[in-house]
Amino acid sequence: MKNGHRNDDDLFIYEREIRPWLPRRIFDAHSHLLNATDHDDDQAAADPFFYQVDMKDLQAWWQLLFPNAKVNGLVMGMPVYNCDLDAENRFVAESVVDAEDRFSLMTRPEMAPEKLKNEIEKYNPAGLKPYLTFATVADKQQARITDFISEEQLQLANDFGLAVTLHVSKPRGMADPENLQDISRLIRQYPKCQFILAHCGRCFIVPNMADALDGLPTAENLWIDTSAVCETDVFLELFSRYDLSHILFGTDLVNAAAFRGRYAQLGLSWHVVTPDMVTRQGGLSARATFAVYENVRALLRAARFCQIGKDNIQNIFYRNAARLFKLTST
Ligand SMILES: [Zn+2]
């Protein structure tokens, strides 16, 4: 478990801003494993965010960060650095053995529907996880949803009643009119497919969340996960304007959220910021906490200021996911 310990600052933040409001039952609807041998790239070794994460590591992080809670989650692979998708999917499927955990299979848009159907029948996943990095268009930053998961694959997700976690593209995420148009069509066309918009519909900053909510439909099969967003005002918008019964807590652990730092708004963009980037002259260094804690403290502060109440907080952290993923314990 790389860099897994809590210092005095982490404990201060946890005790003051997190523990008093954190439910004791949590479902993390957005988490990842990474099997290093399934990836092959010279650059991987130099990337501090690239390291092995097995199920024990993920569970150790859940335990470290939320010691007063029982945590389960939806687990996915990591597609980075020439990932062997078949091998990583097998690794994830074989790692998830707790009856209260779920997993999703990673997909590429060009994966043949027959092959995907075989994988679904073989592994019995709860969901699919397409990645916009696999989009079949030249400019991936402009990809539409069906550029990174095909209609045939969505039809399969519909047939098997699977969740599909979408990290949408476009500079403004779900605030983009084409993304709004596409999701409005897809939720109707594939009513048994459960669409999860990751990272608040990839709205890491408030102008995008506010505009997305102007056009975002609510539906039985449309969900929003809260992972990795660290701005309180994004959650103020979300909690005051969206259906609270369709919001799912998620962390984006391990590689993308266990680091010390945060996803920070800078103007109309957002970036990973880590302490070494903001160390001042004279050696006064930043004292960052885990990105997960930045996310959870922002979420809980917004929940308090929106006065959504304990029941809704419990729904967001567990019960909504329990309904979606048919979890048995309460
Ligand atoms: Zn993720």
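Student: What should I know before I start?

Tutor: This is a predicted model, where local features need pLDDT of at least 70, side-chain atom pairs count only at pLDDT 80 or more, and totals for chains, interfaces and linings use all residues. Residues are numbered from 1 along each chain as its sequence is written, and side-chain values use heavy atoms, with hydrogens and water left out.

Student: Which residues coordinate the zinc ion?

Tutor: First, the term. Donors are N, O and S atoms within 2.8 Å of the metal (3.2 Å for Na, K and Ca); water is not among the atoms, so sites may look incomplete. Here the zinc ion is held by His30 (NE2), His32 (NE2) and Asp252 (OD), at 2.1 to 2.2 Å. Their spacing in sequence is H-x1-H-x219-D. Histidine 30 sits in strand β1 (residues 25–32), and aspartate 252 in the loop between β8 (247–248) and β9 (262–266). The two are 222 residues apart, so this pair links distant parts of the chain.

Student: How are the helices and strands named?

Tutor: They are DSSP runs, numbered from the N terminus: helices are H or I with at least four residues, strands are E with at least two.

Student: Is histidine 30 buried or exposed?

Tutor: Buried means under 20% relative accessible area, exposed over 50%, partly exposed in between (1.4 Å probe, protein chains only). Histidine 30 has 2%, so it is buried. Aspartate 252 has 7% and is buried too.

Student: Where is there a cis peptide bond?

Tutor: It joins leucine 253 and valine 254, with omega about 5 degrees. Valine 254 lies in the loop between β8 and β9.

Student: Which residues have a positive phi without being glycine?

Tutor: Histidine 199 is one of them, at about 55 degrees. Histidine 199 belongs to helix α8 (residues 198–202) and is buried, at 3%. Alanine 228 is another, at about 70 degrees. Alanine 228 is in the loop between β7 (222–225) and α10. Its relative accessible area is 4%, so alanine 228 is buried.

Student: What does glycine 201 touch?

Tutor: Contact means heavy atoms within 4.5 Å. Leaving out residues up to four places away in sequence, glycine 201 touches Val168, Gly173, Met174 and Ile224. Glycine 201 is in helix α8 and is buried, at 2%.

Student: How do I read two packed helices?

Tutor: Two packed helices are described by the angle between their axes and the distance between the axes. Axes are lines fitted to C-alpha atoms, for helices over the stretch in contact, and angles run from 0 to 180 degrees between N-to-C directions. Under 35 degrees counts as roughly parallel, over 145 as roughly antiparallel, 65 to 115 as roughly perpendicular and the rest as oblique.

Student: At what angle do α10 and α12 pack?

Tutor: Helix α10 (residues 232–241) and helix α12 (residues 291–305) pack at about 45 degrees, with axes 8 Å apart. They are therefore oblique. The contact includes Phe235 and Phe239 of α10 and Leu299 and Phe305 of α12.

Student: How do α4 and α6 cross?

Tutor: Helix α4 (residues 113–123) and helix α6 (residues 151–160) cross at roughly 30 degrees, and their axes come within 10 Å. They are therefore roughly parallel. Among the contact residues are Leu116 and Ile120 of α4 and Leu156 and Phe160 of α6.
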